[in-house]
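Dear colleague,

Please find below the structure that I am handing over to you.

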Amino acid sequence: VDDIIRLVNCHTITIELIAKQMEASYLSPEEMLELLQKGGTNSGMEEDVERDGKEKTAFDFIKDLFHLSTLSEEEQYILKCMCLVPLSGIHVRKLKQYLELKNLNVVNQLVSKSWLMMESSTKFLQLHPIICDVVKDQLKPDQTSCSRYIKGVWADLKNAWFQTLEERNENWPYADHIQRHYGTPTRELYDEYVGFANTAWICSQFEQSIRACKQVYAFTLREFGDAGYKPAYAARAVAGAYFNAGDEKNAEPYYYLGLEHMLKKPEESYVEVGAAYQKVGRCATTNGDFTKAKEYLDKSMENFTIALERGEPNAKRVHYNDTYVQYARMYMAMGDYETAIIYSQKSYDLLIREMGGEVNNSTYCLSDLGICHSHLGNYDKAAEYLQRALDLTIRFNGEASMVTVRTRESIADNLARQGNAAAAKRAYLLLELEMEKSFGSLCPQVQRLREKGNAIA
């Protein structure tokens, strides 16, 4: 019962009507709570209840309390968009930004008339869940009618990879709510929905990202066919969601599908062709096929160069960076750490030159430099690079990121190579326990960490 009261935000009349509806429909509190959690107060119950000498369903009584027809078109539009906002609310300035409002006059009117609630200390706007149910029933907010809001959310989140963890945590809840409750893509909002799905893993929502990326990929094939940039990027998004969740096995076929889609229409984007070759190059390295890996990575560089020469709108010299990283890791896998250092340093220097300083991608370069120096016996230098990588990746990605995990594992590896067995064993064990909590005991990385820890006497 307490959960029901909290769910309707202590709205007195609604609590009374819910109690009557439970009695008329012969529902237990647990059954009523489940219905409310699924559909709100508009839960589809058809048994009438009595109030003030009238008989109708509880939700029909609720609708009589709120007359949306008295509101202006702009007021109704704001209430519709507020249905796409998490129940925790949104800062008033952020809503203004997302809806591209000239001023806050209409928002202030809605607050003064109690259609919206304003938390005075935080300036967060909230839509009462009961009003939200009525607005959904009468105004039918959806992706199309609230597209301006969805585009505003994406504009704030599209550079999430380069944002700090604090910035992502501030912006992600709005995309998360859209994805969970209005998750079906549309053609008009295709870029935004691909972006939300691909950004979920960046915000450590791995299972959600896999699920959403698969939904977008299926939509893409159905709406746009299997040739060119859109299906290639969508397939690569699914692969990326799996890969960053630590599941390289399920990622690989989607990386190859991405290349297959792109080669059917390479002229659409040679940048995307280059990215597709780079990803399958990484797969070949993982599988130990270094001849194929180099062939694919060479083709990646060739296509990035073609894109620059053709003047493709999104072609940038910084695209070479990720391929340099994969060259480095190919040579690392081959045991040629001196050559790997050359490519890692190339990657790092390119990012500094093109991005104006260290960015999220710089963590790969620093980590790889640390791993290479560790294998060459330069343990102090390795520790320095790995600590810099760890500080940077925690700032951008937090503790749950695979980049962070890989860096911490490399620090433990460096301790083990130095002969510091006790410290290495502790580091492996701590990381294993944290990984198991986030990704489950069957995650390959968890099993690998366990084996490394057990191998130390």
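The structure contains 0 disulfides, a disulfide being a pair of cysteine sulfur atoms within 2.5 Å. C83 takes part in none, and the nearest cysteine sulfur, which belongs to C132, is 3.7 Å away. C83 is buried at 2% relative accessible area, where buried means under 20%, exposed over 50% and partly exposed in between, with a 1.4 Å probe and protein chains only. C213 is also buried, with 2% relative accessibility.

Please note that this is a predicted model, in which local features need pLDDT of at least 70 and side-chain atom pairs count only at pLDDT 80 or more, while totals for chains, interfaces and linings use all residues. Residues are numbered from 1 along each chain as its sequence is written, and side-chain values use heavy atoms, with hydrogens and water left out.

Turning to the backbone, most residues other than glycine have a negative phi. K123, however, has a positive phi near 60°. K123 belongs to the loop between β4 (117-119) and β5 (124-126); helices (H or I, at least four residues) and strands (E, at least two) are DSSP runs, numbered from the N terminus. K123 is partly exposed, at 41% relative accessibility. A positive phi, near 50°, is also found at K140, in the loop between α8 (129-139) and α9 (147-157). K140 is exposed, with a relative accessible area of 52%.

As for the aromatic residues, there are 18 aromatic pairs. Rings of Phe, Tyr and Trp (its six-membered ring) pair if their centres lie within 6.5 Å; planes under 30 degrees apart count as stacked, over 60 as edge-to-face and the rest as tilted. Y190 and F224 form an edge-to-face pair, 5.0 Å centre to centre with 65° between the planes. This pair links distant parts of the chain, 34 residues apart: Y190 is in helix α11 (residues 190-200) and F224 in helix α12 (residues 206-224). Y190 is buried at 5% relative accessible area, whereas F224 is partly exposed at 27%.

Y242 and Y254 form a stacked pair, at 6.1 Å and 25°. Y242 lies in helix α13 (residues 229-244) and Y254 in helix α14 (residues 248-263), so the pair ties together parts 12 residues apart in sequence. Both tyrosines, Y242 and Y254, are buried.

Finally, two charges sit over rings (NZ of Lys or CZ of Arg within 6 Å of the ring centre and within 35 degrees of the ring normal): K230 lies over the face of F224, 5.1 Å from the ring centre, and the charged end of R282 is over the ring of F243, 3.6 Å from its centre.

With kind regards
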